[in-house]
Amino acid sequence: MKKIVFAIIGLGMITSVSAQEAFDKKFQIGLVTGFGLNFNKPLSNLVERNGVGSDLTFGININYNVNSTFAVNTGLEFDFDRFKYKTKSGDSLYYYYNDTEIFQKEEYMSEKNKSFFQLSERSQKANYLTIPVNAMLKTKPFGNLQYFGKFGTRLSFRTAVSRANDEGHIADSITLVRGASTSNTNMKVAGDINFFKASVGLSGGAQWNFSGSTTLIAELGFYYGLTPIHSREAITGSDRQRNFTLVRVENGIREFKGIEAKQSQLMLKLSLFF
């Protein structure tokens with residue numbers, strides 16, 4: 001019995017030493033994947049959020065351990081965002097298009113072949129390359145577990161033209177008389193999503209040293225959007241609405257408009273560090 005007790009104590013000490021060495025490595029490099037929910041907050045009166053969106057992310061993270069209780073976290077992550085809007089009751093929003101291309105204001109006058117679409121709902125996707133920059137505060141190890149909190153920013157750069165699936169009606173571009181309801185799928189919305197997106201947030205979790213210097217990390221975080229995700233009026237030029245794609249019709253007057261919204265995210269991440 002004494003041999004078993006001493007063996008368990010000895011194994012615990014070896015595991016604790018191994019975990020301490022893993023947690024104290026100067027650099028930890030690992031693979032990260034995560035799933036989250038996004039909450040778009042429209043700032044204009046054109047549309048409203050239609051439920052909760054989703055986020056999928058994967059990439060590489062790096063932890064630089066300054067000391068046993070403080071580290072800097074960064075890396076490269078690919079984010080795939082999905083979110084939905086619906087037009088507000090009584091509001092009439094349209095766009096000009098041909099096949100799967102939605103025209104911006106500066107384009108539609110030069111296009112001879114174009115159709116007119118009344119929008120009622122939109123499911124949109126946007127892809128980003130994200131650089132997280134976080135300060136990481138860690139507890140002392142508890143055996144092969146260590147808990148942490150992180151705070152910092154996520155800097156995202158759009159990697160592709162946004163695509164949308166729209167529900168609505170084909171309409172006459174002159175009379176605005178609409179036909180039967182229909183769907184426009186995989187529509188190209190060039191210029192709608194901003195190239196840059198930034199957010200700040202907090203997260204917390206734990207890392208588990210389960211083999212040698214390999215650790216598994218789980219964390220849950222909330223990130224608040226700082227910048228608009230959709231393009232706004234251009235700063236320069238004679239026509240500051242030239243990049244907008246939506247046409248609002250009110251009292252017979254047509255005016256090009258753009259969606260305004262910021263995005264917050266709740267994300268669960270799993271990382272495998274070596």
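The largest nonpolar core of this predicted model has 20 residues, and Tyr85 and Tyr95 have the most contacts inside it. A nonpolar core is a set of buried Ala, Val, Leu, Ile, Met, Phe, Trp, Tyr and Cys residues joined through side-chain atoms within 4.5 Å; buried means under 20% relative accessible area, exposed over 50% and partly exposed in between, with a 1.4 Å probe and protein chains only. The elements that give two or more residues to this core are β4 (70–87), β5 and β7, and β7 gives the most, with 4 residues. Strands are DSSP runs of E with at least two residues, numbered from the N terminus. A second, separate core of 10 residues includes Tyr94, Phe103, Phe116 and Val247. Contacts are counted between heavy atoms within 4.5 Å. Beyond four places in sequence, Tyr95 touches residues including Phe116, Phe117, Asp166 and Leu246.

Residues are numbered from 1 along each chain as its sequence is written. Local features need pLDDT of at least 70, side-chain atom pairs count only at pLDDT 80 or more, and totals for chains, interfaces and linings use all residues, while side-chain values use heavy atoms, without hydrogens and water.

The whole structure holds 16 aromatic pairs. Rings of Phe, Tyr and Trp (its six-membered ring) pair if their centres lie within 6.5 Å; planes under 30 degrees apart count as stacked, over 60 as edge-to-face and the rest as tilted. Tyr97 and Phe117 form an edge-to-face pair, at 6.2 Å centre to centre and 90° between the planes. Tyr97 lies in strand β5 (residues 93–98) and Phe117 in strand β7 (residues 115–138), so the pair ties together parts that are 20 residues apart in sequence. Both Tyr97 and Phe117 are buried. One aromatic cluster is formed by Tyr94, Tyr96, Tyr108, Phe116 and Phe256.

Lys150 is found in strand β8 (residues 145–158) and is buried, with a relative accessible area of 6%. Its side chain makes a polar contact with the side chain of Asn73 at 3.4 Å. A polar contact is a pair of N or O atoms within 3.5 Å; within protein, one must be able to donate a hydrogen and the other to accept it, and residues adjacent in sequence count only if both atoms are side-chain atoms.

The mean pLDDT (the predictor's confidence in each residue, from 0 to 100) of the protein chain is 90, and 91% of its residues reach 70 or more. Over residues 2–18, pLDDT stays under 50. Where pLDDT is low, the predicted coordinates should not be read in detail.
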